[in-house]
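This report describes the fold of one protein chain and the setting of one of its elements. The sequence and structure are shown first.

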Amino acid sequence: MKKIIFTDKAPAPIGPYNQAVLFGNMLYTSGQIALHPLTMKLVLDDIETETKQVMENMKAVLEAADMTFDNVVKTTIFIMDMGDFVRINAVYGSYFDENTAPARETVQVAGLPKGVNVEISMVAVK
């Protein structure tokens with residue numbers, strides 16, 4: 001049976017989806033963008049700050065499911081400009097232990113919601 005995961009410490013969904021769904025011991029998150037959860041305003045100062053907000057939003061969703069980044073087994077990173085990859089990767093990497101980091105793909109896309117530069121989704125296991 002699936003359980004809907006919601007926290008007010010991450011941005012509320014802006015469409016017909018949930019922040020995450022727990023099914024058995026598997027957590028499937030929706031993509032997070034750099035919306036500040038309290039103001040619902042975008043944090044787009046620079047790519048590092050934007051990526052940090054995305055990861056902090058994801059951290060809040062994981063915590064709402066009683067998980068941490070240690071539980072993450074797969075991530076998907078969508079970016080607007082592959083030229084930002086090194087800077088995004090540096091922030092992203094600071095949230096994981098390199099020896100136990102999840103599998104990942106990074107894809108450059110033609111557009112992302114609200115004109116952001118990065119969106120990240122995750123799969124985690126309890």
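A residue counts as buried at under 20% relative accessible area, as exposed at over 50% and as partly exposed in between, with a 1.4 Å probe and protein chains only. The model is predicted, so that local features need pLDDT of at least 70 and side-chain atom pairs pLDDT 80 or more, while totals for chains, interfaces and linings use all residues. Residues are numbered from 1 along each chain as its sequence is written, and side-chain values use heavy atoms, without hydrogens and water.

The protein chain has two helices and six strands, in the order β-β-β-α-β-α-β-β from the N terminus. Helices (H or I, at least four residues) and strands (E, at least two) are DSSP runs, numbered from the N terminus.

Of the 126 residues, 42% are buried. Contact means heavy atoms within 4.5 Å; among contacts between residues at least 6 apart in sequence, 68% join residues at least 24 apart.

Helix 1 (residues 47-64) has 18 residues and reaches 26 Å from its first C-alpha to its last. Its buried residues include Ile-47, Val-54, Met-58 and Leu-62. The buried residues of helix 1 pack against the elements below.

| Element | Residues |
|---|---|
| Strand 1 | 2-5 |
| Strand 2 | 20-23 |
| Strand 3 | 26-29 |
| Strand 4 | 72-79 |
| Helix 2 | 85-93 |
| Strand 6 | 118-125 |

Along its principal axes, the C-alpha trace of the protein chain spans about 40 × 35 × 25 Å.

Methods. Expected span 1.5 Å × (residues − 1).
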